Amino acid sequence: MPVNVVIINPYELGRQPFGIAHPAAWLRADGHQVACIDLAQGRLDDAPIADAQLIAIQLAMHTATRIAAEALPKLRALAPNAHVCVYGLYGPVNEAWLKARGITTVLGGEFEEELRALAGRIAAEKDSKSKTDSLVSAPHQAGKRVEFRVPDRTDLAPLERHSRLRLADGTEKTMGFVDATRGCKHVCRHCPVVPVYQGRFRAVPVDIVLADIDQQVAAGAQHISFGDPDFFNGPTHAERILRAMHERHPHLTFDAVIKIEHLLAEKSRLPLLKETGCEFIISAVESVDDTILEHLAKGHTREDFVATVALMREHGVGLTPTFLAFTPWTTLEGYLDLLGMLVTLNLIDNVPAIQLAIRLLIPSGSYLLKLEGFNDLIEPFNPDALGYPWTHRDPRVDGLQQAVMRAAERADTEGQTRFEAFGDIWQLAHDALNLEAPVLLRQMDVTPSQHTENWYCCAEPTTAQIEAL
Ligand code: SF4
């Protein structure tokens, strides 16, 4: 007998979530009644929660997990007898915390088969009084191979309501959101993908990816944003997708996330990116300090970053670097060096202000905990913060981080350009060192293409996000 399932995504960086559309396809194929709710687009009240026998919540990132924690009491009140399950990267690493909040089942990154089995068991037990036991997916189950299906996006908010692509001339394109892989073959120490996937990744079959692109183009997508942790984990897979996508939809543009190491190793594929419509590549540079890069095990150096900027310009492909600007090892001088490097490399307009404000978050299971001496820099795990708090040994660095975060938030609310916001941060960094800030000259005539929603995943939920529950 089918069960009523509500699948919830608390936050997905403004993207239309693959992570709820894909399990929806699995469960609907078994005849279950499935309602999807993306809390960035709607409220809990929009979903038939009171009728649900199973509620599945995707925890793909820190912000989403914090929002889910806020939503739980309301979910419990609306559906006291529903079986509540969570899945995704932040499930297994926070298992104890989630169970203390009454979550019955915690699934990992490759969760679809377990979710389907759980729905089947609830269906079978529907008429009996027995409750479905907990079923916990350990992180190593990321090694499983899930049979991918075409995501069912039918009841998600229209694409035009999600993050859009703003072009240099100010016009906007509707974006579609596609995942071509899950997990990552690298083990950067600070990365939340690593404790769950442990250096593995899974490719979504090319025909499934193309079918998902086709359905989103039919729904109005003019640009595809690939959401893979790293699009070049499987470069041949990526090339097949890009060639086929371009053949089917020659006017479609795209962006993707690719690490510096891969951009250099796969430089022979950069012309392909250009030919197939790449607007820009997002790359997690994190730092320009080689010691910090080594602590993070990022697999690239400061010089590699400089070389990549030159290479991308040579091939006419835009680069949006992202940073982890504040770590326990960051110094005021090092922060100013980062800003100075963005000036020297003409990258001011390529970097959203929030990327200059992000502070290292240390979730449970972080590989940084394996780094010798790291535990001396942090405090014990704080369940309410879902991480290990840390205070910088130099209070001026924490003060600067808070000031930069305020500047980044102001930039967002007041609609400042990246250049204007950078100017404010430039001044703050110089003030922190009692230095006179050199006058900045506008480096570009136009602002590069960008998403209308900035790309970061480790912030605390905003008041608006909580009020919208
Ligand atoms: S390459 Fe990116 S996704 Fe992969 S482990 Fe490193 S930070 Fe994480």
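These are legends for a set of close-up views of a predicted model.

**View 1. The seven-stranded sheet, strand by strand.** Let's start with the layout: an open sheet of seven strands, ordered β13-β12-β11-β10-β7-β6-β14, with mixed pairing. As a reminder, strands of a sheet pair through backbone hydrogen bonds, either parallel or antiparallel.

**View 2. Strand β12 and its two partners.** Here we zoom in on β12, residues 278-286. Nine of its nine residues are buried, so the rest of the structure largely encloses this strand. To one partner, strand β11 (residues 253-257), β12 is joined by four bridges, and the two run parallel. A handy landmark for that pairing is Val-257, which stands opposite Ile-282 in β12. Strand β13 (residues 318-323) also runs parallel to β12, and six bridges join them. On that side, look for Phe-280 opposite Gly-318 in β13.

View 3. To find your place, pick out Arg-164, whose bridge partner in β7 is Thr-174.

**View 4. Two non-glycine residues with positive phi.** Most residues other than glycine have a negative phi, so these two are worth a look. Glu-286 has a phi of about 70° and is not a glycine. This residue lies in strand β12, and with 26 C-beta neighbours inside 10 Å it counts as buried, the cut-off being 20 or more. Gln-198, also not a glycine, has a positive phi of about 45°. Its place is in the loop between α5 (193-197) and β9 (201-203). Is Gln-198 buried or partly exposed? It has 16 C-beta neighbours inside 10 Å, so Gln-198 counts as partly exposed.

**View 5. Helix α13 against helix α14.** Two packed helices are described by the angle between their axes and the distance between the axes. For α13 (residues 395-414) and α14 (residues 418-432), the axes come within 10 Å and cross at roughly 165°. The two helices are therefore roughly antiparallel to each other, and α13 passes α14 in a right-handed crossing. On the α13 side, the contact is made by Arg-396, Leu-400, Ala-403, Val-404, Ala-407, Ala-408 and Ala-411. From α14 come Ala-421, Asp-424, Ile-425, Leu-428, Ala-429 and Ala-432. Sorted by class, this contact has eleven nonpolar residues, two charged ones and no polar ones.

**View 6. Helix α12 against helix α14.** Now for another packing partner of α14: helix α12, residues 332-344, with the axes 10 Å apart and at an angle of about 150°. That angle makes α12 roughly antiparallel to α14, and the crossing of this pair is left-handed. The α12 residues to look for are Leu-332, Tyr-335, Leu-336 and Leu-339, which meet Ile-425, Trp-426, Ala-429 and Ala-432 of α14. What classes of residue does the contact of α12 with α14 have? It has eight nonpolar residues, with no polar and no charged ones.

Notes
Residues are numbered from 1 along each chain as its sequence is written. This is a predicted model: local features need pLDDT of at least 70, side-chain atom pairs count only at pLDDT 80 or more; totals for chains, interfaces and linings use all residues. Axes are lines fitted to C-alpha atoms, for helices over the stretch in contact, and angles run from 0 to 180 degrees between N-to-C directions. Angles under 35 degrees count as roughly parallel, over 145 as roughly antiparallel, 65 to 115 as roughly perpendicular and the rest as oblique. A crossing is left-handed if the near helix is turned anticlockwise from the far one by less than a right angle, and right-handed if clockwise. Two residues are in contact if their C-beta atoms, placed from the backbone, lie within 7 Å. Ala, Val, Leu, Ile, Met, Phe, Trp, Tyr, Cys and Pro count as nonpolar, Asp, Glu, Lys and Arg as charged, and the others, Gly among them, as polar. A residue is buried if 20 or more other C-beta atoms lie within 10 Å of its own, exposed if 12 or fewer, and partly exposed in between; C-beta atoms are placed from the backbone. Two strands pair if DSSP finds at least two bridges between them.
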